[in-house]
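Take a walk through this protein with the structure open beside you.

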Amino acid sequence: MSVSNYSALRIVVVGAGAAGLSCAWQLARAGHAVTLVDRGELGRGALWASGGMLAAGFEASVELDLHHDLARAFSDLLQASLDHWGDWIHALQGYSAGPLGYNQDGAVTPLNGEAELARADRVLAQAQALGITVEQIDGAALRSLEPGLASADGALVFPGDGQLDNRALAQALTSAAFAAGCRMEMRSGVKALRRRGGAVTGVELHDGRALEADRVVLATGAQGLAELPDPVTARPVKGQMLGFEVEPGQGPRHVVRGFSIYLCSKPGHRVIAGATVEPDVYDTETTEDAQQRLLALARRTLPGLGDMAPVEHWSGLRPASKDLMPLLGELEPGLIMAGGGYRNGVLLAPVIAAACLAAVTDRPLPDTAQPFTPHRAGLRARRDH
Ligand SMILES: Cc1cc2nc3c(=O)[nH]c(=O)nc-3n(C[C@H](O)[C@H](O)[C@H](O)COP(=O)(O)OP(=O)(O)OC[C@H]3O[C@@H](n4cnc5c(N)ncnc54)[C@H](O)[C@@H]3O)c2cc1C
């Protein structure tokens, strides 16, 4: 079948998070008849809870295990997605009720003491191995870059990293998908997939209705469908965060991405601080203990917070695949995966959507996405972080 024969597929996207909203928007824009269903509110999963950082440089240089089979491919994927954000923001601006809080002004990692300076050497070596630009600056340079931060021995600067306001993004993506013709159903949980003739042909909802489809896109985040085969089930890694309301100019100018806490200024004079890393925790309650720890770290990093109390605390579930890498493309005929965003699902939204757009019409995935097919050989029960 030629690609033009696919011009108006009926597609059900399950899950309206960073992945699902992005896929639905791009699929509807491409002329498909898209229905987006979510068991709760649209955009209120991990997308809403996240830090909104576009931290391709930091994540690849600091958080990535260089021995992972997909390390290099993942670093390339992060960078490829980062490169899309300028155009995405341009396209989404008209659908946003407020500022999207986007910049790529860089991220700074303060360094204190021998252990962190030694760690910085390892980070620089990893960044170099992956072709990522990072600079090390001294304490005086950090003071002029970020006068509000506690003094430090120095800092790493990731000049290409950035951020956006993830909650504003959720609203803008919803409006843009709707404007492109996407139908949306909230509080419509998918119970099971429907199959006929060896292909997925739709979904069954908890309320008893069935939705027929030529393709189903699974973007259910940390809670997949019970019937998925074990290698492609996601598990949650809970993260708790705090939010402050500060005076104009009191928040950091850049993303501050410390080794044990991050702080970001968001529109509306909000500063957010995060995040805990709690594997296999399924609830989204916040705990006093975690909040107190985050608060102490936030005050130590940004002394201007003084004894200011947070105005908000929340948590969300990062969707982690077995090998902690994204799951992109066809799982079985008619069923496309768009998941496994884990710590970077917001940053990765453009490449997740691009892979989905290719997969629904049986085209090859973009080169950078190809290593992340759900059929990859190394998708085993890795349990390391
Ligand atoms: C505290 C925290 C901080 C983070 N910070 C960052 C960051 O700074 N930068 C970054 O890039 N990433 C960050 N992340 C990760 C990022 O938020 C996630 O990877 C991303 O949001 C995952 O998107 P998703 O669409 O897969 O899942 P979600 O956004 O969780 O969306 C999944 C949706 O599927 C729905 N759903 C589930 N099951 C069903 C069903 N059976 N039927 C119907 N609907 C269903 C849910 O209701 C939900 O709305 C962070 C995450 C957390 C928790």
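This is a predicted model: local features need pLDDT of at least 70, side-chain atom pairs count only at pLDDT 80 or more; totals for chains, interfaces and linings use all residues.

In total, 44 residues surround the ligand. The closest are Gly17, Gly45, Gly221, Gly239 and Gly345. Find these glycines on your screen before moving on.

Which elements give two or more residues to this shell? They are α1 (18-29), α2, β13 (235-245) and β18 (312-320). The largest share comes from β18, with 4 residues.

Now step back to the domains. The protein is divided into domain 1 and domain 2. Domain 1 is made of the stretches 3-52, 168-234 and 322-372. Domain 2 is made of 102-160 and 235-320. Trace each stretch in turn. The C-alpha centres of the two domains lie 30 Å apart.

What does each domain bring to the contact? Domain 1 gives 19 residues, and domain 2 gives 17 residues. Take the side of domain 1 that touches domain 2. Its largest share, 3 residues, comes from helix α2 (residues 46-49). The residues on this side divide into 8 nonpolar, 10 polar and 1 charged. Helix α2 also gives two or more residues to the shell around the ligand.

So where does the ligand lie? Both domain 1 and domain 2 give residues to the shell around the ligand, so the ligand lies between them.

Strand β9 covers residues 190-196, and strand β10 covers residues 199-205. These two run antiparallel, and 6 bridges join them. To see the pairing, find Val190, which stands opposite Leu205 in β10. The hairpin of β9 and β10 has 2 residues between the strands. In this hairpin, Gly197 takes a positive phi near 55 degrees.

Follow the chain onward. Strand β10 is also joined to strand β11 (residues 210-212), by 3 bridges. β10 and β11 run antiparallel. Here Val203 stands opposite Leu211 in β11. The hairpin of β10 and β11 has 4 residues between the strands. In this hairpin, Gly208 takes a positive phi near 100 degrees.

Finish by returning to the ligand. Among the closest residues around it are Gly17 and Gly345, and the two domains lie on either side, both giving residues to its shell.

Definitions and conventions
Residues are numbered from 1 along each chain as its sequence is written. Two strands pair if DSSP finds at least two bridges between them. Domain bounds come from an automatic or database domain assignment. Two residues are in contact if their C-beta atoms, placed from the backbone, lie within 7 Å. Ala, Val, Leu, Ile, Met, Phe, Trp, Tyr, Cys and Pro count as nonpolar, Asp, Glu, Lys and Arg as charged, and the others, Gly among them, as polar. A residue is near a molecule or strand if its C-beta atom, placed from the backbone, lies within 6 Å of it.
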